[in-house]
Amino acid sequence: MTENAAAHPAPARQMWPLYAAAFTTAFGAHGIAANLGGFSEDAVTSLMVLGGLLALYDGAEVLLKPVFGALADRIGARPVLLGGLVAFAAASAVYALADSPGWLWAARLGQGAGASAFSPSASALVARLNPAAKHGRAFGSYGFYKSIGCTLGPLLGGVLVWAGGLRLLFTVMAVLAAAVAVWAALAVPHVSPLPRTRQTVADLARRLTDAAFLRPTAALAGATAALSVGVGFLPVSGRAAGLGTVATGAAVSVLALCAAIVQPKAGHALDTGRITAPTGITIGLLTTAAGLACAMLPGLAGVLTAAALIGAGTGLITPLGFAILASSSPQERLGQTMGAAELGRELGDAGGPLLVAAIATLTTLIYGYAALAVLLAIGPALALAAHRRTPPAHTGSAT
């Protein structure tokens, strides 16, 4: 490994714990969130309490991911990764052992803080352990296992809650996070923090408002917004069209499966030069917008087509966006960059459903889909317009 980047791709044994960490954060977030109000004796019965518990986890991530990303740059990503996993395991064990509604709040806060530490650290390690030419495949694989966690979380979480209540689910999460922490401690190598020049608040603001950061981060936020809207609102559209729970559940599974399948393929295409990151992100945004437009169509065909296109579009955007961020960011500030980008994704995760819900409340759900589709298509449309306005370069002098 050189001072700034890996000379060769990391062996699989070093990458697998990072992929397991990606699965853990997604499985923990979606598995627990989807089943807090499930059918068990210790389920949350108050909608206000349920909303508060969901917001507590997301709020911790919004506030702490940039902080832990900057800490990873200062002391190294590996210790922050391990500390976050241990904190997540300990927070999960708190409720599993205490079995008290009050401790449930503490457990969710601790889980959010732990995920805020190990998620951006894992992303930074994916970039540091692999050369820039292999970032696409590395982030594609990382995103694949994160998507698998999103897909299996609600299903497996529901089975665990059915079998033993929330305490069993939190127990499994504690064991999973602890096992991944031990695995990472044994397999993930120490990556020394790089020397850093002094950074002022103005320097940070300038870097985070630069187009090299804003464009991929905005694309990642848009992709996450569309993904959240698809998972949350496509079942509503399905029920309005008279579809049963099996059909609507299948639509969400199609969305997650398409996102999982496309990510490694998109990363491989980037590494082999078959696609450039800006082109791929543009195609991904337009595909996702087309999926939201299809959600406006009635019946099963509209729902399934929307799910497939949203999943494919977001699966294309995610690894390419992170590859751009990893290649354009100063290596000594990589954790800070990943933490800030994760913050953008969290804002998209919350903002997308809020936008669609607000518009749907005033009009109908169809207009909510349309509004988000237009927002996603604006970026590519502006880029195309700017490209057409740019005069062609002259390659020779006039005779």
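Of the 399 residues in the chain, 48% are buried, where buried denotes under 20% relative accessible area, exposed over 50%, and partly exposed the range in between (1.4 Å probe, protein chains only). The model is a predicted one, in which local features need pLDDT of at least 70 and side-chain atom pairs count only at pLDDT 80 or more, while totals for chains, interfaces and linings use all residues. Residues are numbered from 1 along each chain as its sequence is written, and side-chain values use heavy atoms, with hydrogens and water left out.

The chain contains twelve helices and zero strands; these elements are DSSP runs (helices H or I, at least four residues; strands E, at least two), numbered from the N terminus. Read from the N terminus on, the order of elements is α-α-α-α-α-α-α-α-α-α-α-α.

Two packed helices are described by the angle between their axes and the distance between the axes. For helix H1 (residues 12-33) and helix H4 (residues 101-128), the axes come within 10 Å and cross at roughly 150 degrees. H1 is therefore roughly antiparallel to H4. The axes are lines fitted to C-alpha atoms, for helices over the stretch in contact, and angles between N-to-C directions run from 0 to 180 degrees. Angles under 35 degrees count as roughly parallel, over 145 as roughly antiparallel, 65 to 115 as roughly perpendicular, and the rest as oblique. The crossing of H1 past H4 is left-handed, a term that applies if the near helix is turned anticlockwise from the far one by less than a right angle, with right-handed used if clockwise.

The segment before H1 includes His8. With a relative accessibility of 62%, His8 counts as exposed. His8 and Pro131 are 123 residues apart in sequence, and their C-alpha atoms are 6.0 Å apart in space.

Side chains of opposite charge can pair when their charged atoms come close. Four salt bridges are present in the structure, each being a side-chain nitrogen of Lys or Arg within 4 Å of a carboxyl oxygen of Asp or Glu. A network of salt bridges links Glu61, Lys65, Lys146, Glu342 and Glu346.

Lys65 and Glu342 are both buried.

On the surface, a nonpolar patch is formed by Leu152, Leu155, Leu156, Val159 and Trp162, which together have about 530 Å² of accessible area. Patches consist of residues with over 30% relative accessible area and no salt bridge, like charges being joined within 9 Å and nonpolar side chains (Val, Leu, Ile, Met, Phe, Trp, Tyr) within 5 Å. Accessible areas come from the Shrake-Rupley method with a 1.4 Å probe, and for residues only the protein chains shown count as cover. Leu152 is located in helix H5 (residues 135-187). At a relative accessible area of 31%, Leu152 is partly exposed.
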